[in-house]
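Visitor: I am new to protein structures. Can you show me how to read the inside of one?
Guide: Gladly. Let us look together.

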Amino acid sequence: MKTLTIFLVVCVALVYTIPLKDPSWEAWKMFHGKKYHNQGEDDFRHYVFLQNIKAVAAHNAKNTFKMTINEFSDMTKNEFTKTFNGYRSDLKKSTNKPSTFMAPLNANLPATVDWRKSGYVTHVKNQGKCGSCWAFSSTGSLEGQHFRKTGKLVSLSEQNLIDCSAAEGNDGCGGGFMDDAFEYIKLNNGIDTEASYPYEAKDDICRYTKGNEGASDTGYMNIKPYNEDDLKAAVASVGPISVAIDASHRSF
């Protein structure tokens, strides 16, 4: 006698509690140019949006610094972290050990410094939906040092680093490490300008063109980890410094 085994597949539908008409959601989508593939995706993003509004309100009720809704408010925390947090020190391939910055002894450091006012900093840039923060951190620092040496502020190409520094260990929009970026620029004898190699926010083939270089480097050094005094001294005495910030927290 054969036994017939019946497997019951239970489908659980996730129900989002969202208002049928929400002017704030429609206004937010219009302002940021958001469009979704279907109503199901729209409903899910609307739900995430409402949860983020609640999180913002809860934070602002008990903290001195305030949060607000922005263009990323339809993303979950995990989605944001996966998309934008591209700092990957584990990708470092070079066996070179850069020297460590030594703060000047008995230096009279200023209470504040703003290198923008001195011409060291280019316009605000946007990495888009690409984990290329490491590339922007690298170019921002080198742009400042190039200005310090030449008096010319040149915007450098993050896309050049995304497309061309895999051999040094970087993984484009999948993340990278600033040391690897500086190593690439050093070995390559330069990095192209932003104007000649514009940003695309995606991985692409390497199109570095000799003759379009905007700057180069002959080396780099690291600051002792978790040493805020040395970081302060470096910012005050050297210029803009390449750093990585943990932006995975919701409060960021």
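**Reading a core and a helix pair**

Guide: This model is predicted. Start with the core. Its largest nonpolar core has 17 residues. Trp-134, Leu-142, Leu-161, Ile-185 and Ile-191 have the most contacts inside that core.

Visitor: Which elements give two or more residues to this core?
Guide: They are H4, H5 (158-164) and H6. H6 gives the most, with five residues.

Visitor: What is Leu-161 in contact with, leaving aside its neighbours within four places in sequence?
Guide: Leu-161 touches Trp-134, Ala-135, Ser-138 and Thr-139, among others. Its partners also include Ala-181, Tyr-184, Ile-185 and Ile-191.

Visitor: Which residues does the second, separate core include?
Guide: That core has five residues. Among them are Trp-25, Tyr-36, Phe-49 and Leu-50.

Visitor: Now the helices. At what angle do H4 and H6 pack?
Guide: Read the angle and the distance between axes. H4 covers residues 133-150, and H6 covers residues 178-188. They pack at about 55°, with their axes 9 Å apart. H4 and H6 are therefore oblique to each other.

Visitor: Is the crossing of H4 and H6 left-handed or right-handed?
Guide: The crossing is right-handed.

Visitor: Which residues meet where H4 and H6 pack?
Guide: H4 brings Trp-134, Ser-137, Ser-138, Ser-141 and Leu-142. H6 brings Met-178, Ala-181, Phe-182 and Ile-185.

Visitor: How many residues of each class are in the contact of H4 with H6?
Guide: Six are nonpolar and three are polar. No charged residues take part in this contact.

Definitions and conventions: Residues numbered from 1 in each chain as written. Predicted model: local features only at pLDDT ≥ 70, side-chain atom pairs only at ≥ 80, totals over all residues. Heavy atoms only, no water. Axes fitted to C-alpha atoms, helices over the stretch in contact; angles between N-to-C directions. Helix = DSSP H or I, 4+ residues; strand = E, 2+ residues; numbered from the N terminus. Parallel < 35°, antiparallel > 145°, perpendicular 65-115°, else oblique. Left-handed = near helix turned anticlockwise from the far one by under 90°. Contact = heavy atoms within 4.5 Å. Nonpolar A, V, L, I, M, F, W, Y, C, P; charged D, E, K, R; others polar. Core = buried A, V, L, I, M, F, W, Y, C linked by side-chain atoms within 4.5 Å. Buried < 20%, exposed > 50% of the residue type's maximum accessible area, 1.4 Å probe, protein only.
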